[in-house]
Amino acid sequence: MILRYLSKGRSKMISPLIGKKLAEYRHAAGLTQQEAADQIHVSRQCLGNWETGRREPRIGDVVQLCQLYRISLDKLIDNS
């Protein structure tokens, strides 16, 4: 599944760097992979796969991670 978001009526793919950003925000929040995974009820391996780009998270999981890391979805998917 490819995550997409709407921007001015157009569907856009989320940057392939999302995994790297997820890891950076997790580190900034002072959480281990296990702690973050426990908070959103997924396995540590699942979270690790998202962070390395092996798998893409579901949008609901992305929303939960944004809430956990206290960032907006826009900040996560911004390519700049």
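His 41 is found in the loop between α2 and α3, where helices (H or I, at least four residues) and strands (E, at least two) are DSSP runs numbered from the N terminus. The model is predicted, so local features need pLDDT of at least 70 and side-chain atom pairs count only at pLDDT 80 or more, while totals for chains, interfaces and linings use all residues. Residues are numbered from 1 along each chain as its sequence is written, and side-chain values use heavy atoms, with hydrogens and water left out.

Although His 41 is not a glycine, this residue has a positive phi of about 65°. Most residues other than glycine have a negative phi. His 41 counts as exposed because its relative accessibility is 70%; buried means under 20% relative accessible area, exposed over 50%, and partly exposed in between (1.4 Å probe, protein chains only). Arg 70, also not a glycine, has a positive phi of about 55°. The loop between α4 and α5 holds Arg 70, which counts as exposed at 78% relative accessibility. A positive phi, near 75°, is found for Gly 30, which follows α1. Gly 30 is placed in the loop between α1 (18-28) and α2 (33-40) and is exposed, with a relative accessible area of 57%. Gly 30 and Tyr 69 are 39 residues apart in sequence, and their C-alpha atoms are 9.3 Å apart in space.

The protein has five helices and two strands. Along the sequence, these elements follow the pattern β-β-α-α-α-α-α. Of the 80 residues of the protein, 35% count as buried. The accessible surface of the protein comes to about 5500 Å², and carbon and sulfur atoms account for 50% of this surface. Accessible areas come from the Shrake-Rupley method with a 1.4 Å probe; for residues, only the protein chains shown count as cover. Among contacts with a separation of 6 or more, 51% are between residues 24 or more positions apart, contact meaning heavy atoms within 4.5 Å.

Helix α1 has the buried residues Ile 18, Gly 19, Lys 21, Leu 22, Ala 23, Tyr 25 and Arg 26. The cover over these buried residues of α1 includes α2, α3, α4 and α5 (73-77).

Helix α3 (residues 44-52) and α4 pack at an angle of about 90°, and their axes are 13 Å apart. Helix α3 is therefore roughly perpendicular to α4. Axes are lines fitted to C-alpha atoms, for helices over the stretch in contact, and angles run from 0 to 180 degrees between N-to-C directions. Angles of 65 to 115 degrees count as roughly perpendicular, under 35 as roughly parallel, over 145 as roughly antiparallel and the rest as oblique. Where the two helices meet, Leu 47, Trp 50 and Glu 51 come from α3, and Asp 61, Leu 65 and Tyr 69 come from α4.

The structure holds two salt bridges, a salt bridge being a side-chain nitrogen of Lys or Arg within 4 Å of a carboxyl oxygen of Asp or Glu. One joins the side chains of Arg 26 and Glu 51 (2.7 Å, N to O). Because Arg 26 lies in helix α1 and Glu 51 in helix α3, the pair ties together parts that are 25 residues apart in sequence. Both Arg 26 and Glu 51 are buried. Another salt bridge joins the side chains of Asp 61 and Arg 58 (3.1 Å, N to O). Asp 61 is placed in helix α4 and counts as buried at 7% relative accessibility, whereas Arg 58 counts as exposed at 52% relative accessibility. Not counting residues up to four places away in sequence, Asp 61 touches Ile 40, Val 42 and Trp 50.

On the surface, Ile 59, Val 63 and Leu 73 form a nonpolar patch with about 200 Å² of accessible area together. Patches are made of residues with over 30% relative accessible area and no salt bridge; like charges are joined within 9 Å, and nonpolar side chains (Val, Leu, Ile, Met, Phe, Trp, Tyr) within 5 Å. Val 63 is found in helix α4 (residues 59-69) and is partly exposed, with a relative accessible area of 35%.
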